[in-house]
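Please look over the sequence and the 3D structure shown here before reading the report. The headings then take up a few topics in turn.

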Amino acid sequence: MARTTPRAPVRLEPLWLRVERNRVKLALFIGGFLLACVLAAEVLVLVPLLSLVFLQGWQAGNLSPSARLAGAVPDVAAWVAAGSVVLGVAYVGVTLARPVRRLLPAIGAERAPRGELLPTKHALKDMAIACGVQVAPEMYVVESTSVNAFVVGWGRERPVCVVTRGLVERFHADEQRAVFARLMA
């Protein structure tokens with residue numbers, strides 16, 4: 001008789017708790033990104049400026065920094081920090097507002113060709129109708145032997161269902177319906 005190892009218990013939790021936890025993670029990531037932007041900009045601007053301050057004082061025969069340039073360092077630091085925060089926030093805003101369809105090629109997803117993968121497309125459409133969604137998500141395929149599927153969308157944009165070639169080839173229509181039912185729910 002084959003000996004099996006016990007599985008770890010499945011952790012069930014409401015979806016809204018996962019969404020809230022991911023919002024906190026996203027906020028922390030964005031905060032860390034903006035902090036890194038400020039620190040990088042400060043280093044890139046202040047190191048050459050401080051070098052110039054001390055170099056100018058050294059050339060004048062005085063080892064103390066130039067008073068005029070040294071007085072400008074805090075103002076420059078404040079402007080650099082403010083500018084890098086503004087640019088960082090603009091970058092984050094543009095990135096988060098980018099349509100999902102433009103991000104799909106980055107993971108190798110291509111639109112499912114018309115007239116192909118019909119059993120999988122029909123299974124997706126059946127589950128969309130069963131869930132009350134009037135228009136089924138558009139299907140994209142990733143050329144991977146692993147079995148995976150997910151639905152993405154942002155705001156009012158029509159959602160997109162991404163499936164791997166492994167799911168299409170290994171699962172029959174009823175198994176695909178079960179996967180799509182879970183995704184559509």
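## Basis of the model

This is a predicted model, in which local features need pLDDT of at least 70 and side-chain atom pairs count only at pLDDT 80 or more, while totals for chains, interfaces and linings use all residues. Residues are numbered from 1 along each chain as its sequence is written, and side-chain values use heavy atoms, with hydrogens and water left out.

## The sheet

Four strands form an open sheet in the order β1-β2-β4-β3, with mixed pairing; strands (E, at least two residues) and helices (H or I, at least four residues) are DSSP runs numbered from the N terminus, and two strands pair if DSSP finds at least two bridges between them. The edge strands, each pairing on one side only, are β1 (109-111) and β3 (149-152), and the twist from one strand to the next averages 30°.

Between β1 and β2 the pairing is antiparallel, over three bridges, and E110 has V141 of β2 as its bridge partner. Helix α6 packs on the sheet, where α6 touches β2, β3 and β4 and makes an angle of about 30° with the direction of β3; contact means heavy atoms within 4.5 Å, and angles run from 0 to 180 degrees between N-to-C directions, with axes fitted to C-alpha atoms, for helices over the stretch in contact.

## The nonpolar cores

A nonpolar core is a set of buried Ala, Val, Leu, Ile, Met, Phe, Trp, Tyr and Cys residues joined through side-chain atoms within 4.5 Å, where buried means under 20% relative accessible area, exposed over 50% and partly exposed in between, with a 1.4 Å probe and protein chains only. The largest core has 16 residues, of which L124, M139, V163 and F180 touch the most other members; its largest share, four residues, comes from α4.

Leaving aside residues up to four places away in sequence, M139 touches several residues, among them L124, V163 and F180. A second, separate core of six residues includes A109, Y140, V160 and V162.

The C-alpha atoms of A36 and V85 are separated by 9.7 Å, although the two residues are 49 residues apart along the chain.
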